[in-house]
Amino acid sequence: LISMRTLIWAFVLLVVLLFAFGVLIVRLVKWDTSKDERDRLNNWTSLMYVMWKLAQMATLDDWGNSIIWVQGNIPGIRGTVVMLSMLFSMVMTAFGVLNI
């Protein structure tokens, strides 16, 4: 029973981390974008899509392709910051929370 309590708190922490990083990434993607660029980045302006991608990255599933896509399609320093946020999220969740 005690281990179940720990598991539930680990899940809550995972969801909070995914939500926080998801909001950060969506705000970065939407920041200073034109209408045409927003249409091209349509999936990455949805919080649920970004949280799903971060959850996939937490399990180390297809994380490389997501990073390469972001780096190639979001220009400038904004793309670099989004990529680093995704990598930091992956490190925090995959190697931190999921190893509890």
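Reply: Helices here are DSSP runs of at least four residues, numbered from the N terminus. This is a predicted model, and I will work from it with that in mind.

Me: Is W44 buried or exposed?

Reply: A residue counts as buried when its relative accessible area is under 20%. For W44 the relative accessibility is 4%, which falls under that cut-off, so W44 counts as buried.

Me: What kind of aromatic pair do W44 and Y49 form?

Reply: The structure holds three aromatic pairs, and one of them joins W44 and Y49, with 5.5 Å from centre to centre and 85° between the planes. Planes over 60 degrees apart count as edge-to-face, and because 85° lies over that cut-off, the pair is edge-to-face.

Me: How many residues apart in sequence are the parts that the pair of W44 and W69 ties together?

Reply: The ring centres of W44 and W69 are 5.7 Å apart and their planes meet at 15°, so this pair is stacked. W44 lies in the loop between α2 (35–40) and α3 (47–58), whereas W69 lies in helix α4 (residues 63–73), so the parts tied together are 25 residues apart in sequence.

How values were computed:
Residues numbered from 1 in each chain as written. Predicted model: local features only at pLDDT ≥ 70, side-chain atom pairs only at ≥ 80, totals over all residues. Heavy atoms only, no water. Phe/Tyr/Trp six-rings, centres within 6.5 Å; stacked < 30°, edge-to-face > 60°. Buried < 20%, exposed > 50% of the residue type's maximum accessible area, 1.4 Å probe, protein only. Helix = DSSP H or I, 4+ residues; strand = E, 2+ residues; numbered from the N terminus.
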